[in-house]
Every structure is written in C-alpha cells, then in structure tokens.
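Thanks for making the time this morning.

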Amino acid sequence: MATVTISPARSRPFIQFLLLLLAVAAGLGGYALTYFNRVEKLPANIWWHALFLVVFALVAHLGVRYLAPHADPVILPMAVALTGIGLAMIYRLDMSYRALPDLESQVTGSKQLLMVFAGLVCAALVLILVRDHRVLRRYTYTAMVVSVVLLLLPLVPGLGVEHFGARIWINVFGRSLQPAEFVKVSLAVFFAGYLVSNRDNLAIGGPKVLGLRLPRARDLGPIFMVWAVAVGILIMQRDLGTSLLFFGLFVAMIYIATNRVSWLVIGSGIFLPAAAAAYFLFDHVQGRFNVWLHAYSPEIYNREFGGSYQVVQGQFGMASGGLFGSGWGRGYPQLVPFAQSDFILSSLAEELGFTGLFAILLMYLILIERGMRAAIGVRDGFGKLLASGISFSLALQLFVVLGGITRIIPLTGLTAPFLAQGGSSMVASWILIALLLRVSDAARRPATPVEPPSVSAEVSGE
C-alpha cells in the first residue's frame, strides 16, 4: 500500500521579515516627510526611531516565527504598515494642533503609540495562551455572556458616558474606553461556535417563495435574537454603526455556514425597517441621515451641533488632494473636526491623494483576502467561521467608515481599524490579527501523514 505524503506549506521567513521592514519604512517615511515638509529638515531623533522600529520588526518577526511558525507571512506586515501610516498621520496632525491653542488637547500621537504597544502586547498574549484556536469553541456561551456584559456596561449609571448623542463609552480610572470594540472579538468566537454546532439545522430548507428557498420557521430564532440585540443597541445606545456591524457580522457568518442566500435577504429585510424606525424616533439618528442627504444645505451646514460641516470639509479636503495629494504635511486636514479619528481616511486622501488612499485600501484588501484564505485552508469548521467572521468584520467596518466620509451611506462614527486614533479600537484590532495568525498557522501547517499498517500487524490482526 502506498503512503501519501503531504508537502508542507513554505513558511518563507525571509519574505515576512522583508515585508516587515517595508511596512516599518512606510510609517517612518511618513513621519520623516511630514517633518521635512514643514520645517525643511529631518527630525533630530529620526535615526533612533529607525533603530527602534527595526528592532521592533525583528522581535515581532521572531515572535511570530516561534509562536505561529506556519502563519501567513503577509498578515503581520500588512497590519504593521497600516498602524505605522496611521501613527504618522496622527503625529502630522499633532504638529498642526500645537499651533492652535484651543486644539492643544487633541495632541494624541504619544497616547496612540502607547495604545499600539498595548495592542501588540495583547496580541502576543493571545498567541501565547491560545496555542490551538479550537479550544475557543469550549467558551462559546461564555463569549456570549461576555458580549452581553460589555454591551450593557455603557448603560450603567455613573460608568457610561455619552458623547455626541451616542452612549457607547465608559469611564475607567479617568480614561475613556469603548467596550463595543472588544465585543467584535467575543461575538466572532460566539457566532463561530454556535453556527458550527447548528449549521445543519439552519441549512435545512423550508418553503420556497419567489424562487428563494426560505429557512424553516423554527430556525429563525437565532437571527431574530441577534436582530433584537442589534435593535436594542440602536435604541438604548443610539449607535447605528455598532448595531449594523454586529448584525451584519452574524448574517454574513450564517450565510457562510449554510450557503443560503435566503439568510441575507431575511437579514436585510428585518434590519432596514428597524433603521428606518430609528430615523423617526431618535433625533441623533435623524440628524445623521439629514447630513447624509442634505450635506450642502446652508441650514444643516451652519448648525452648531449635528451639522454637516465635518462631512463637507472632509470632502473638500479629499477633492483638493486630487490624484497625487498635496504631500505629507502640506495640506490642511486639521480643518476637519476629528481628523485623526473618524476622518483619518479623508486626511490621508488629502495629503496622499487618490493614489495613496487606493494603496491603503489595497493593504486592507490584502489583509482581508489573507484572512479569507486562512478560512478556506483550515481543516475545521470552527476555524473557518472564526477566520471568515474576523475578515468580514474588518471589511464591513472599513466599508462603513469609507462610505460615511464619501456620503455613500450615513456617517456612523466607526473608525478605520489600525489607522484611526483610539485605544480600544487599536487593542481590539491587534487581538483579531493574533487570532487570524493562529488560524492561518493551523491552515498552513502540514497534515501528519497516516502510516499504513505493517504486514505483520495485519497478519496478527487476523
């Protein structure tokens, strides 16, 4: 009997390290160009920065090689490149904010660097503690409970904080924290564990309507439960973006698990009416829709609160950037409120142009594609759903952010992963990257060949 040998996937350690150096160079180059274009000389500490970042790239490379030796060599460099570009843009905005006394409190570059360090430490801990992603399936319903608790924290009196009409932050030791960012992690684990156990029931077809095979009525419970949670977030926290992200994540994962288009139709059919009802019930949501539909109306543009000034200025900035941009440090992105968080993509488009923004979006696309490739390659159903859920959450969040600043959809308040200022988002994004690396490592790890029984064993067995 012939033995089948499965050739191992090529780990390509040198490729990962080379890509990491290029990723570090992207962020370091942005920092140096900004400084040079504004004061016509390089920063005095540029070489120390370069040395530190090269050492960081080497440590990160060796850490992943030791903890996840078979992981996709492209995932980590893409995340590092996006983080470095975001840091460079935040530092660039800080240089403009320092010249404006009333905006001095918005200087956030050093704080963001600390959050990046915290995110990397959390990612390392995930890789150390979770040696096999399949152990997370044991905590399916624990992840559900954690998700519910995190979602309810902003509603606790004295703990929750309301900003700009949405109640999605909590105050911990004088610092603001957004629990919903970490719910992306726990919900991805819960959805993957639940769907891999129940996908056979959810895939069974019910009645056929207009050529579309609908699920059975008794199997609609899960989607209505998640719909109720999403609507609850929309009502109690008045946060359209978070509810859309969570509900969209579940609908996408249930479609991947069952391969039935009917779940997409049902999901859209029950969420859109809830969003329409929120428009009539909540002034905050109605204001965002009015900004989306009538951004250039003088009445809406000139409102002191809830107007379209931010959206319009962001579009003016992107238009002035043109094809190749004004150059690092030569534009005026600081004129847009929250240019370092909600509108960091428009800030980058103004100074890097459409070409630079397209390159950044291509990095996101590569990262998402590599995550989906890990989902396809991994051998267990839980890993497939977990990796595809993480990848889709990154894709949906990016679409919602970009769609908001370009007025394709209403502005939601979500931030671009890795790029935007925000400690909760940065730490949660790096935890997701660690989980992707772990699943990718399992997907690319060579399968252990099964040796055929020897002749003597067969004889003795008879």
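This is a predicted model: local features need pLDDT of at least 70, side-chain atom pairs count only at pLDDT 80 or more; totals for chains, interfaces and linings use all residues.

Let me start at Tyr301, which is partly exposed, its relative accessible area being 24%; here buried means under 20% relative accessible area, exposed over 50%, and partly exposed in between, with a 1.4 Å probe and protein chains only. Residues are numbered from 1 along each chain as its sequence is written, and side-chain values use heavy atoms, with hydrogens and water left out.

The structure holds ten aromatic pairs, a pair being rings of Phe, Tyr and Trp (for Trp the six-membered ring) with centres within 6.5 Å, where planes under 30 degrees apart count as stacked, over 60 as edge-to-face and the rest as tilted. The pair of Tyr301 and Tyr309 is tilted, because the ring centres lie 5.6 Å apart and the planes stand at 50 degrees. Elsewhere, Tyr141, Phe190, Phe191, Tyr194 and Phe250 form one aromatic cluster.

Now to Glu350, which lies in helix H13, residues 344-377; helices are DSSP runs of H or I with at least four residues, strands are runs of E with at least two, and both are numbered from the N terminus. Which side chain of opposite charge is nearest to Glu350? It is Arg92, 6.8 Å away, and Glu350 is buried yet has no salt bridge, a term that requires a side-chain nitrogen of Lys or Arg within 4 Å of a carboxyl oxygen of Asp or Glu. A polar atom of the Glu350 side chain does, however, lie 2.7 Å from the backbone nitrogen of Tyr332. Leaving aside residues up to four places away in sequence, Glu350 touches several residues, among them Gly317, Ser320, Tyr332 and Pro333, contact meaning heavy atoms within 4.5 Å.

A brief word on Val148, which sits in helix H5, residues 140-152, and is partly exposed at 41% relative accessible area. Its C-alpha atom is separated by 8.4 Å from that of Val183, 35 residues apart along the chain.

Finally, the overall picture: the protein has 16 helices and five strands, and 51% of its 462 residues count as buried.

Methods
Lys and Arg count as positive and Asp and Glu as negative; His and the chain ends are not counted. A polar contact is a pair of N or O atoms within 3.5 Å; within protein, one must be able to donate a hydrogen and the other to accept it, and residues adjacent in sequence count only if both atoms are side-chain atoms.
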